[in-house]
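Here is a short briefing to read with the model open beside you. Let's start at the ligand and then walk through the fold.

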Amino acid sequence: MIDNYRKLCARFYDIHHPIPPADEFAFYRDILREVDGRVLEPMCGSGRFLIPLLKHGCDIYGFDGSVDMIEACRNRLNEDERIQLATFESFHSPNAFQACIIPAGSFSLLADARAAKQALACIHRIMVPDGVCHIEVCGTPCNSTGATDINSRTVKTAAGTALTLIEMASYDQEQRVETIHCHYIECTERLIVASDLEIYQLRCYERSEFAALAEASGFTVVNCVHNAFNGDNSIFTLMPNRTVNPAP
Ligand SMILES: C[S@@+](CC[C@H](N)C(=O)[O-])C[C@H]1O[C@@H](n2cnc3c(N)ncnc32)[C@H](O)[C@@H]1O
């Protein structure tokens, strides 16, 4: 499994991002409305998109590599069969999927080129031949100067504690990778009751670079919406190209 998105991160995420942004949710709801078959959301987290899409009648399934995010999703979903604790390496399903979505730029968390290729190979393998997938990837971050950015946010937990995230982000222009150090601190009025440090990295793609990666992984790029919701991000629509068999 993955070694970030642990307990404090998962708790902070659910309080800070309890529901998806309305425009992003409407985008995925509308493109999935016509899908007749199973939909997969890899990296589904605690179900911010998956659960409301399910409520809109979408036959959606998900997996995520974080024990704590999947646990939060299970608690909200009240059922087990739709979601799996898995990474792209370990995910298995007896059924093929008609559509696949990875919203919110999560694909960029696969910052290592090998991991990104492996993820696309997994998606290719589990889709029906005429399936469609929609993957949002990050473009250049707001602060792309290479200088370090520090900010903090505090949320109130249901237990009445304050949960603070201090984030330190820097961008490597050459590698096109943003590294974000996250320090989570949970406090009562007098005490620090828990703290955790996490690091994650985001690969920022040129549009041509992601298109080349998708094509090398056996997909045809059928559309690309740039700058849809999140800054410089792009949403790619891909279809498996059955003449190519991507390496596992
Ligand atoms: C930014 S969150 C987004 C979750 C959800 N899509 C949403 O919008 O709320 C990214 C998710 O990707 C998951 N993740 C990161 N790397 C992963 C991997 N290699 N395999 C599976 N899940 C992964 C994390 O556990 C986390 O839940």
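This is a predicted model: local features need pLDDT of at least 70, side-chain atom pairs count only at pLDDT 80 or more; totals for chains, interfaces and linings use all residues.

Residues are numbered from 1 along each chain as its sequence is written, and side-chain values use heavy atoms, with hydrogens and water left out.

**The ligand site**

- There are 19 residues around the ligand, and Y13, M43, R48, D64 and G65 come nearest; a residue is near the ligand if one of its heavy atoms lies within 4 Å of it.
- That shell divides into 11 nonpolar, five polar and three charged residues. Here Ala, Val, Leu, Ile, Met, Phe, Trp, Tyr, Cys and Pro count as nonpolar, Asp, Glu, Lys and Arg as charged, and the others, Gly among them, as polar.
- A polar side-chain atom of R48 lies 2.8 Å from a ligand oxygen, and an N or O atom in the side chain of Y13 is 3.0 Å from an oxygen atom of the ligand.
- G65 takes part through its backbone, with an N or O atom 3.0 Å from a nitrogen atom of the ligand.
- Taken alone, the ligand exposes 600 Å², and the protein buries 93% of that; the areas come from the Shrake-Rupley method with a 1.4 Å probe, and for residues only the protein chains shown count as cover.

**E41 in strand β1**

- E41 is found in β1, residues 39-42. Helices (H or I, at least four residues) and strands (E, at least two) are DSSP runs, numbered from the N terminus.
- Is E41 buried or exposed? E41 counts as buried because its relative accessibility is 2%; buried means under 20% relative accessible area, exposed over 50% and partly exposed in between, with a 1.4 Å probe and protein chains only.
- Leaving aside neighbours within four places in sequence, E41 is in contact with residues including F49, L50, Y61 and I101, where contact means heavy atoms within 4.5 Å.
- The E41 side chain also reaches the backbone nitrogen of L50 at 3.4 Å.
- E41 and I83 are 42 residues apart along the chain, and their C-alpha atoms are separated by 9.2 Å.

**Helix α4**

- In α4 (residues 67-77), the buried residues are D68, M69, I70, A72, C73 and L77.
- Their cover includes α1 (7-16), α3 (50-55), β2 (60-64) and β3 (83-85).
- N78 follows α4 and has a positive phi, near 65°.

- β6 (residues 149-156) and β7 (residues 162-172) pair in the antiparallel sense over eight bridges; two strands pair if DSSP finds at least two bridges between them.
- Across this pairing, N151 stands opposite E167, and V155 has L163 as its bridge partner.
- The β6-β7 hairpin has five residues between the strands, and G160 takes a positive phi near 90° there.
- β7 is also joined to β8 (residues 177-187) by 11 bridges, again running antiparallel, with M168 opposite H181.
- Four residues lie between β7 and β8 in their hairpin.

- R176, in the loop between β7 and β8, has a positive phi of about 55° although it is not a glycine. R176 is buried, with a relative accessible area of 16%.
- Y5 lies in the segment before α1, and its phi is positive, near 60°. Y5 is buried too, with a relative accessible area of 16%.

Notes:
A polar contact is a pair of N or O atoms within 3.5 Å; within protein, one must be able to donate a hydrogen and the other to accept it, and residues adjacent in sequence count only if both atoms are side-chain atoms.
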